[in-house]
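This report describes selected features of one protein chain, part by part. The sequence and structure come first.

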Amino acid sequence: MLKQYSPRLLFTLAAITCLVISPLFAIFVPMTVPDLFLTDRSWFYIYSFKGNVKLIMMGFVLLAAAFALLSWKRHAATYVGCLALIIFGLVTLYSSTENYTAINETQVQKNLLIGSQTLKWSEIDEVVLEYVPGSLGQYIFKGKNGKEIIVAEDKEMATSYIYQMANKQDVPFNEYEKK
């Protein structure tokens, strides 16, 4: 015989589950997204770990808030509010897969949550790596027209790849220590 569980209990458990599994997703999803979603091997991807962890955590908090709201009261207004929270949560989780920088032999492209920036290698005047000793730095792709793309360093091998691409395209690559 089936036991009857109250909807309040089920929605509370769903909210708690969202909060408990969010750190696991925040840790493992940024490591797997470049292999699962960014599959074009002609591009080199730099996937921002910090920013995407924040997006994933925010998405799960929105989902947990929707389930907590349903466990509190169930009226037409709360259903609409929960639907909006669930949609915002899922959109936030999806947007974490679209926040990256891609580099290939023709261009540098930085995709943000809203919009993207693109510079062709022929338009790039200089590539600069600014860093603090003992920590990761940031790459600055300076365009001839004054446009810049700033990318936070997150991989050690990114420096060698960007250096090789800059040399291949006859673009100067400079390193500066921040003071």
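## Asp-170 and its loop

Asp-170 is exposed, because its relative accessible area of 69% is over the 50% cut-off. The model is a predicted one. Asp-170 lies in the loop that runs between helix 4 and strand 8 (173-177). Although Asp-170 is not a glycine, its phi is positive, at about 60°.

## A salt bridge from helix 4

The count of salt bridges comes to one. It joins the side chains of Lys-168 and Glu-105, with 2.8 Å from N to O. The two residues are 63 apart and belong to distant parts of the chain: Lys-168 is in helix 4 (residues 156-168), and Glu-105 is in the loop between strand 2 and strand 3. Glu-105 counts as partly exposed, at 43% relative accessibility.

Strands pair within a sheet through backbone hydrogen bonds, and the pairing is either parallel or antiparallel. Here, four strands make an open sheet in the order 1-2-3-4, and the pairing is antiparallel. Strand 1 (44-47) and strand 4 (116-120) are at the edges; each has a single partner strand, so one side of each has no neighbour in the sheet. From one strand to the next, the twist averages 10°.

Within this sheet, four bridges connect strand 2 (residues 100-103) with strand 3 (residues 107-111) in the antiparallel sense. Ala-102 has Gln-109 in strand 3 as its bridge partner.

## Trp-121

Trp-121 is located in the loop between strand 4 and strand 5 (124-131). Is this residue, Trp-121, buried or exposed? With a relative accessible area of 3%, Trp-121 is buried, because the value is under 20%.

Neighbours within four places in sequence are left aside in the contacts of Trp-121 that follow. They include Ile-103, Asn-104, Glu-105, Thr-106, Gln-107 and Val-108. Also among them are Val-127, Phe-141, Met-165, Ala-166, Gln-169 and Val-171. Glu-105, one of these contacts, is also the salt-bridge partner of Lys-168. His-75 is 46 residues from Trp-121 along the chain, and 56 Å separates their C-alpha atoms.

## The hairpin of strands 6 and 7

Strand 6 (residues 138-143) pairs with strand 7 in the antiparallel sense, over five bridges. The two strands form a hairpin with four residues between them. Gly-146, in the turn, has a positive phi of about 95°.

Phe-141, one of the contacts of Trp-121, stands opposite Ile-149 in strand 7. Which residues form the covered face of strand 7 (residues 148-152)? Ile-149 and Val-151 make up the covered face, while Glu-148, Ile-150 and Ala-152 make up the uncovered one.

Leu-13 is in helix 1 (residues 7-36). Its relative accessible area is 43%, and Leu-13 is therefore partly exposed. Leu-13 belongs to a nonpolar surface patch of about 580 Å², which also includes Tyr-5, Leu-9, Leu-10, Ile-16 and Val-20.

Thr-78 is part of helix 3 (residues 76-95). It counts as buried, because its relative accessibility of 10% is under 20%. With neighbours within four places in sequence left aside, Thr-78 is in contact with Leu-69 and Lys-73.

Methods: Residues are numbered from 1 along each chain as its sequence is written. This is a predicted model: local features need pLDDT of at least 70, side-chain atom pairs count only at pLDDT 80 or more; totals for chains, interfaces and linings use all residues. Side-chain values use heavy atoms; hydrogens and water are left out. Two strands pair if DSSP finds at least two bridges between them. Axes are lines fitted to C-alpha atoms, for helices over the stretch in contact, and angles run from 0 to 180 degrees between N-to-C directions. Buried means under 20% relative accessible area, exposed over 50%, partly exposed in between (1.4 Å probe, protein chains only). Contact means heavy atoms within 4.5 Å. Patches are made of residues with over 30% relative accessible area and no salt bridge: like charges are joined within 9 Å, nonpolar side chains (Val, Leu, Ile, Met, Phe, Trp, Tyr) within 5 Å. Accessible areas come from the Shrake-Rupley method with a 1.4 Å probe; for residues, only the protein chains shown count as cover. A salt bridge is a side-chain nitrogen of Lys or Arg within 4 Å of a carboxyl oxygen of Asp or Glu.
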